[in-house]
Every structure is written in structure tokens, then in C-alpha cells.
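Dear colleague,

I would be grateful if you could read the summary alongside the coordinates.

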Amino acid sequence: MKNYFKCLYNWIDERVQLEDLVKFMGKKYVPVHRHSIWYYFGGVSLFFFIIQVTTGILLLFYYKGSSDLAFESVQFIMSKVQFGWLVRSIHAWAANLFILSAFVHMFSVYFEKAYRKPREMTWITGMLMFFMCLGFGFSGYLLPWNTLSFFATKVGTDIAGNVPIIGGPLKVFIRGGDDVTGATLSRLFGFHVALFPGIFTILLGIHLILIQRQGISEPVHFSEKPASEKKTMPFFPNFLLRDLLLWLIVLNVLAILAVFLPADLGIKANPFASAPAGIKPEWYFLFMFQSLKYFPSHILFADGETVGILLFGAAGVLWLLIPFWDRKSSRGEQNRFVNYLGLFAVIFIIILTFLGWLS
Amino acid sequence: MKKKIIILTLFFFSALLFGQKKNEASSDQCFICHESVGSTEADLYKKDIHFSKGISCADCHGGNSQTDDMDKAMSKAAGYKGVPKGNAITQSCIRCHANPAMMKKYGSKIPTNQYANLKNSVHGRLAINGSEMIVQCITCHNAHGIVAVDNPASPVYPTNIPATCGKCHSDPVFMRAYNPALPVDQVQKYRTSVHGIRNAKGDPKPAQCVSCHGSHDILSVKDPRARVYPTNIPSTCSHCHSNAEYMKQYKIPTDQFANYSKSVHGIALLQKHDISAPACNSCHGNHGATPPGIESISEVCGTCHALNAELFSSSPHKKAFDERKLPECTTCHSNHLIITATNKLLGVSQDAVCSKCHKPNDPSKGYMVAKEMKQMIDSLDSSEKNDSALVHEAEQKGMEVGDALFKLRDAHQARLESRTMVHSFNEAKFNETVNKGLKVTTEVKTEAEAAIHEYYFRRIGLGISVLIISFLALLLYLYIRRLERK
């Protein structure tokens with residue numbers, strides 16, 4: 001058996017010089033310190049993305065992206081297609097866990113200041129992928145065309161419509177008209193399965209190439225240590241195998257969730273019905289949705305909700321551009337302000353999400 | 001001596017009181033003059049209740065009734081208004097009739113809210129000329145010969161009301177201007193009703209227009225506040241029909257409302273506010289209200305239960321019922337106290353209505369057919385119940401059973417159809433319908449059981465997968481440890 005693998009390896013190596021790649025990976029080292037655990041969340045996010053692509057393709061075999069057939073096609077997947085229920089449940093659960101692990105990965109990179117020079121581009125591509133994750137969540141949520149997803153999309157696009165100047169055209173662009181209709185479903189379906197995956201794959205490629213090229217970032221306190229005191233582990237095979245181990249554990253959790261708490265389908269959307277009481281967006285938008293509720297209807301001469309959206313927009317831009325304004329960290333100095341800001345963001349998101357969930 | 005003084009004093013004040021009244025009327029120069037020239041109005045006014053209360057012509061027409069100088073009496077300076085027109089008529093009336101203090105002064109106990117009610121009523125709307133209410137007080141009460149409501153001469157005395165209302169409501173030309181869709185044959189129908197026949201004979205007790213529609217406060221039948229709005233009809237009818245004392249002389253039961261309230265129709269209308277459910281008038285008629293005859297019962301019920309009536313009419317029971325003069329639907333289902341039809345009605349048990357006529361020694365095959373039909377419908381019933389439990393169990397386990405749930409509705413529909421088909425009293429037709437339902441229930445059962453089986457299969461599958469993945473993870477963990485020990 002071993003010989004067969006060896007033969008196959010040699011066959012590929014003769015053609016694409018696999019040995020060079022193995023040597024390159026063998027030279028790569030991952031810093032070992034008390035915060036090393038956070039390094040694994042990038043890999044976990046990647047694993048969830050792979051699951052999403054795989055299950056997404058399987059669902060595409062049966063899903064029909066029109067308002068007349070979407071709900072029925074998902075119902076068919078759930079009841080008639082062999083293991084369709086499992087594929088859909090895993091897709092739904094992995095989507096949520098993907099966003100959760102992306103959140104964790106983003107904050108771990110933030111607190112470790114891994115965005116500092118020369119990894120600005122890695123941070124930017126990562127952040128863009130994070131925004132795309134939210135876009136995946138938003139566009140995918142409508143696809144089953146059930147009552148909850150229909151009205152949540154209505155509320156979500158209404159909020160987008162409040163963005164000054166571009167809000168109106170943006171809302172019409174997302175909805176494919178003035179209201180949430182079958183045109184919105186077709187549009188979001190297109191975004192979800194073609195446009196977003198295409199852009200995401202390019203960003204992911206750049207992100208991974210940059211990581212391979214620049215290596216794993218060392219935290220400030222670690223990089224200050226003399227070389228003899230720096231503890232590391234080879235990326236290949238040690239770190240990769242540990243990554244694989246975590247992936248297996250995550251797969252187990254995912255399987256348990258998919259079987260014990262399968263994704264439900266709800267009731268088919270009826271555009272003429274009134275919205276159910278207490279309609280809420282998905283948990284990852286909840287903190288923003290809840291925050292907007294606390295804004296007064298008017299702040300000076302501006303609409304309160306518009307001010308809220310602008311503030312979130314400004315916060316997002318500041319967050320995205322942190323490698324460029326956090327000069328202290330780039331110089332290897334401690335920046336307490338950035339730490340407190342991150343801590344505030346984490347507490348804010350947790351509390352507001354909790355309040356939104358309670359309301 | 002003391003007694004004499006008291007009697008004399010009383011006599012003196014009585015003379016003063018009655019003498020004053022006489023003086024008031026006799027000193028009304030308008031009346032004196034108009035009577036002397038033979039005016040019809042003055043002649044009528046002599047019989048008017050207002051005349052007896054000392055109300056002068058000037059109280060409605062303005063002017064000075066104390067002078068015999070016509071120019072002075074009918075001068076604008078004296079406030080002479082002439083013949084009031086449009087809403088001014090009602091305004092003249094309500095100066096007193098909407099004023100409790102004024103009415104008390106004349107010793108009247110009649111309510112003072114008539115105008116408020118009239119204004120909010122369907123008659124208080126603007127007339128087609130756009131300047132006045134459709135109805136003024138004098139439209140129903142007349143102008144100069146107004147007498148008390150309980151006076152048989154009054155146009156609003158119970159026996160006169162149909163004619164009074166009919167003045168407008170039986171006039172197609174007049175009614176077309178306001179509501180072209182409203183029939184104008186109400187009085188005509190009313191005269192054929194039990195109420196109308198008695199009313200025409202001079203009995204003031206049976207219901208006439210105002211008994212059901214109200215008098216000053218008449219609202220459109222579409223208005224939920226109206227006494228004749230579907231949900232209010234039973235209580236409107238029961239106002240008289242549940243009053244044992246009032247109905248005593250007519251010798252008819254007074255438990256109809258109590259029974260109806262407990263019936264499937266009453267619960268639908270009164271508790272669920274389903275206005276498509278029948279009220280009293282749906283079976284008895286409204287203006288032509290009369291109990292339906294034995295022959296017409298199935299026709300009356302058939303207006304809603306069309307299929308049941310049709311099946312019954314072509315069934316062998318039709319002839320049998322007609323021969324025995326049995327009322328068709330009500331023999332089995334009762335009349336006012338119609339309860340939800342269950343399978344219990346069918347069969348040969350003591351509660352079953354079939355057993356009232358069909359006995360075990362029945363020479364016809366009715367007894368056996370009833371018994372078999374009951375067994376069949378019970379079998380469909382229990383299959384549907386079992387299927388429902390199975391489907392819900394699968395649903396609670398988180399399984400997708402949309403198809404089975406949909407088919408379950410088909411089974412339910414088949415059961416309802418079977419119940420309808422009972423009215424054909426044809427075993428073959430009935431069995432065909434029940435078998436259709438049983439076929440659906442078999443399919444539902446198969447699907448529900450498969451879903452439950454799938455549920456357990458998933459858990460076993462998960463258990464095996466988790467074991468395999470955990471085993472792989474364990475192997476990987478051991479391999480990593482061995483690798484890192486080197």
C-alpha cells in the first residue's frame with residue numbers, strides 16, 4: 001500500500017515538482033505560545049467554507065430559485081431526496097458556525113495585532129471575506145422562501161434603504177424592484193451561488209497565498225523574545241494534522257447538530273399576509289438591528305436610524321483600515337486604546353445580541 | 001269647620017289649575033281664527049295630544065298667538081316662521097322632545113333621545129336633495145293630528161306601523177333613489193307571515209317593523225349594531241319568543257333560543273361570530289316569517305346543505321318519510337337543537353337515530369345496512385385518528401411530513417364525504433366513498449411509519465458516524481503525540 005502511494009507521489013513529483021512544495025511547507029513554523037489556540041480558527045473557517053461549497057453544490061442539484069418553486073423544492077430536498085435533509089441541515093448549521101468562527105478568527109487577529117505591517121493586505125482580504133460571509137448569510141436566508149425569511153429580508157432591505165443618498169437605489173438593486181418579490185429571490189440566489197462564491201474564492205486565494213508567503217504572524221510579546229526562547233512547531237505536518245484533528249471534532253459537532261436540531265422549513269412565504277409579530281434578523285445581524293432600536297426617531301435634523309446606519313458604516317470602515325491608523329502596533333509598541341476598543345466591540349456585540357434575542 | 005276650609009281651598013286651586021289650561025287653549029288666537037275658517041289643520045289639531053297639553057300653534061309656527069290682529073300675529077317681528085320645511089320641522093319638535101326639563105314640565109315620561117337616535121340612524125342620512133334628513137318626525141307621526149303611540153289612531157300604533165313604513169318602503173320609485181337593491185315587497189311578505197296575519201286582525205302583540213328594526217334608531221342590516229344584523233337576530237327574535245308570559249296566549253314553545261344557542265348553528269353564529277351560519281330568519285324567513293312546513297324542511301335545510309338534501313331526495317327514505325308524514329331533516333337532526341352530527345347518529349345502538357325505526361326484526365334490510373354503514377364509517381374514523389397521531393409523532397420528531405399532512409386532509413375530506421353520502425342510504429355508494437378514504441389512510445400510514453423509521457435510522461446513522469469520526473480523531477491524536485515525541 002505504502003509503495004502505491006510512493007509511486008503516485010513520485011509520478012506527480014516528476015511533473016509538478018511536489019518535493020519543492022513539501023520542503024517549503026516543511027520550513028514553515030508556527031509560533032507556540034499561550035494564545036496559539038486562536039491560530040486554528042482560520043483553518044476551522046476554511047473547513048466550514050469547504051463544507052458550504054460541497055453541500056451548496058449538492059443542494060443546487062434540486063433547488064429551484066423561483067418564488068413559485070423554491071419552497072416546494074426545499075420541501076422536496078427535505079422529504080424525498082436521499083440524505084437531502086442531512087445536506088440541508090449541515091449547510092444551514094455550517095453557515096452559522098462559519099460566521100461564528102469567522103467572528104472569532106477576526107477578533108483573535110485583532111487582539112494579537114496580526115494585521116500590523118507587513119500583513120495589512122491579509123487583514124483587508126480577511127475583512128472583505130468576513131463581510132462576504134454576512135452577505136452569504138443574508139442572501140441564503142431568503143432562499144427557502146418561507147414566511148420568516150421573507151419578512152426578515154424585507155426588514156433588512158428596508159434598513160439598507162435608509163443609507164443616505166445610495167440607500168434608495170441600493171434597496172431597489174437588492175430587491176430587483178420596489179418590494180421583496182420573486183425577482184429578489186432570483187437576484188439573491190444569483191449572488192449566493194455565483195457572484196459571492198466567485199469573489200470569495202479569489203479573496204481566499206489571495207489570503208492563503210499571503211499567509212503562505214508571509215508565514216504565521218507572531219504576537220508582539222513573542223517577537224520580542226530572543227530566537228533561542230521562541231518555541232515553534234512545523235506547519236507540516238504537525239500544525240496541519242492538529243488542524244485536521246480539530247476539523248474532525250467540528251464535523252462531529254456539526255453532524256450531531258444536524259441530526260438533533262435539523263433546519264426547519266416553516267410556512268411558505270405569502271407576500272400578501274401580514275408580517276408575523278417579533279420578526280428578527282439572523283443572530284449575526286441582531287446586534288445592529290437591536291442598536292438601531294435604541295436610536296431616537298430624530299437626532300438634530302437627521303433621521304435617527306440613518307444616523308445609526310452611518311455610525312455602523314463608519315465603525316466598519318475604521319475597523320477595516322486599522323492596520324493603517326494603528327501605528328503603535330506596527331512599531332511593536334503596545335496600543336491600549338486598540339485593546340479597549342476591541343474589548344468594547346466584543347462586549348457591545350454580545351450584550352446587544354443578547355438583548356435582541358430576549359426582545 | 002276645618003274640613004270645610006280644606007275642601008274649599010282644594011276646590012279653589014283645582015278651578016285655578018284647570019281653568020288656566022282652558023284659558024290657554026281658548027286664548028290661542030291662531031287656533032280660534034283658523035278653526036273659524038274651517039281649516040283642516042285646526043280641525044285635526046283639536047285631537048292632537050299637543051293641543052290637550054296647551055301647546056299653541058305659535059309654538060311650532062312662531063308668531064304671536066295672543067293677538068287677533070292677523071298682521072301682528074303673523075309678522076316677522078313676532079317671530080312668525082310659517083310652515084317649517086325640511087330639518088326645520090324636526091328642529092321644532094326637538095325644542096321640547098330633546099329637552100328633558102321641558103318634557104317634565106308637561107308631565108311626559110317619553111324618552112328625549114329620539115332625535116339623537118334618528119340622526120344616527122339610516123333615516124338620519126341626507127336625503128337626495130342634499131339639504132335635509134331622509135325622514136322627519138312628521139313622516140311617521142303626522143303633523144297636526146298627533147296622538148299617543150298607544151292610541152290605535154296613531155300611525156305608529158303596532159297595527160298601523162306596517163302601512164306607515166310601507167308608505168316609503170313599498171314605493172319602488174321612492175326606494176330606488178336611495179337603495180335600488182333593497183326589495184320593496186316587505187309589507188307584502190309580512191302580510192303572509194304569522195306575525196302579519198295576526199297584526200292585520202288587530203293584535204298589537206305580534207312583531208311588526210319596529211319590533212325587529214327599532215323605531216328612531218334603525219340601522220342598516222349590514223351594521224353590526226343593528227338588531228337585525230345576523231349575530232343579533234336570535235336575541236331580537238327571542239325578545240318575544242323566549243318570554244313565556246308574553247307568548248302564553250299563542251301556545252307555542254319558548255325554548256327555541258335556548259336550544260338554538262346550544263346548537264351547532266347557534267355556536268357558529270353566536271360564539272364564533274360566523275355570519276354565514278343560519279340565524280332564525282334563514283329557516284323561517286324574515287318579513288314572511290313562518291314555520292316551514294313538513295314538506296319544505298329539506299328544501300329549507302337544502303339551501304345550505306344542498307348535497308345532503310339532493311341525496312336524501314333520491315334515497316329510499318324520501319318515500320318512506322313522505323308516507324309517514326315525517327319531517328325530513330329534523331326527524332334525525334332535530335330543529336332548533338341541532339347538535340354536531342357524529343357517527344353516533346348512525347347504526348343500531350340505542351343512541352342511533354336509525355334504531356328509532358329499524359329494529360332487529362326489520363323485514364327490510366335497513367337494520368343490517370345501518371349496522372354495516374356504522375362499522376365502515378367507524379373504521380375510517382379510527383384509521384384517520386391513528387394516522388393523525390402517527391403523522392404528528394413524526395412531525396414532533398422533526399421529520400418532514402408535509403405530503404402526509406396533505407394526504408391526511410384528503411382522508412378527512414373523504415370522511416366528511418362519507419357522512420354526506422350517508423344521506424343516500426345506498427350501501428354501495430357509501431362503501432365506495434369510505435373505501436376511497438381508507439385507501440388514503442393506508443398511504444398516510446405507510447408514509448408516517450416510514451418517517452418514524454427514518455427518524456430512528458438517522459439516529460443510528462449518526463451514532464455510527466460519530467463513532468467512526470471519533471475513532472479517526474483518536475487515531476490522529478495518537479499519531480500527533482507520537483510525531484511530537486520524536
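Ala268(B) is found in helix α19 of chain B, which covers residues 264-271. Please note that this is a predicted model, and the values that follow are computed from it. With 15 C-beta neighbours inside 10 Å, Ala268(B) counts as partly exposed, because a residue needs 20 or more such neighbours to be buried and 12 or fewer to be exposed. Leaving aside the neighbours within four places in sequence, Ala268(B) is in contact with Asp274(B) and Ala277(B). The C-alpha atom of Ala268(B) is separated by 9.7 Å from that of Thr231(B), and the two residues are 37 apart along the chain.

The two chains

Chain B has 27 helices and zero strands. Of its 486 residues, 25% are buried. Among the contacts in chain B with a separation of 6 or more, 55% are accounted for by residues 24 or more positions apart.

Chain A has 16 helices and four strands. Buried residues come to 30% of the 359 residues in chain A. For chain A, residues 24 or more positions apart account for 76% of the contacts with a separation of 6 or more.

In chain A, helix α1 takes in residues 2-16. At 1.5 Å a residue, its 15 residues should span 21 Å, and the end C-alpha atoms are 21 Å apart, which agrees. The number of buried residues among the 15 of α1(A) is zero, so this helix lies largely in the open. Just after α1(A), Gln17(A) takes a positive phi of about 50 degrees.

In chain B, helix α2 covers residues 29-36, and its buried residues are Gln29(B), Cys30(B) and Phe31(B). These buried residues pack against α3 (40-45), α5 (58-61) and α6 (70-73) of chain B. Just after α2(B), a positive phi of about 75 degrees is found at Gly38(B).

Two packed helices are described by the angle between their axes and the distance between the axes.

Helix α5 (residues 84-111) of chain A packs with α11(A) at an angle of about 120 degrees, and their axes are 9 Å apart. On the α5(A) side, the contact is made by Leu86(A), Ser89(A), Ile90(A), Trp93(A), Ala94(A) and Leu97(A); on the α11(A) side, it is made by Leu254(A), Leu257(A) and Ala258(A). The residues of this contact divide into eight nonpolar, one polar and no charged.

Which residues of α11(A) meet α3(A)? Helix α3 (residues 40-60) of chain A and α11(A) pack at an angle of about 55 degrees, with axes 10 Å apart. That makes α3(A) oblique to α11(A), and the crossing of the pair is right-handed. From α11(A), the contact uses Asp243(A), Leu246(A), Trp247(A) and Val250(A), while α3(A) contributes Tyr40(A), Gly43(A), Val44(A) and Phe47(A). By type, the residues of this contact are six nonpolar, one polar and one charged.

An α-helix has 3.6 residues a turn, so residues three or four places apart point the same way.

The third pairing joins the two chains. The residues of the contact of α11(A) with α27(B) divide into 20 nonpolar, four polar and four charged.

The contact between the chains

How many residues does each chain give to the contact? There are 19 residues from chain B and 19 residues from chain A. On the side of chain B that touches chain A, α26 (402-421) and α27 (427-485) each supply at least two residues. The largest share of that side, 15 residues, comes from α27(B). The residues on that side of chain B comprise 10 nonpolar, four polar and five charged.

With kind regards

How values were computed:
Residues numbered from 1 in each chain as written. Chains lettered and ligands numbered in written order. Predicted model: local features only at pLDDT ≥ 70, side-chain atom pairs only at ≥ 80, totals over all residues. Contact = placed C-beta atoms within 7 Å. Nonpolar A, V, L, I, M, F, W, Y, C, P; charged D, E, K, R; others polar. Expected span 1.5 Å × (residues − 1). Axes fitted to C-alpha atoms, helices over the stretch in contact; angles between N-to-C directions. Parallel < 35°, antiparallel > 145°, perpendicular 65-115°, else oblique. Left-handed = near helix turned anticlockwise from the far one by under 90°.
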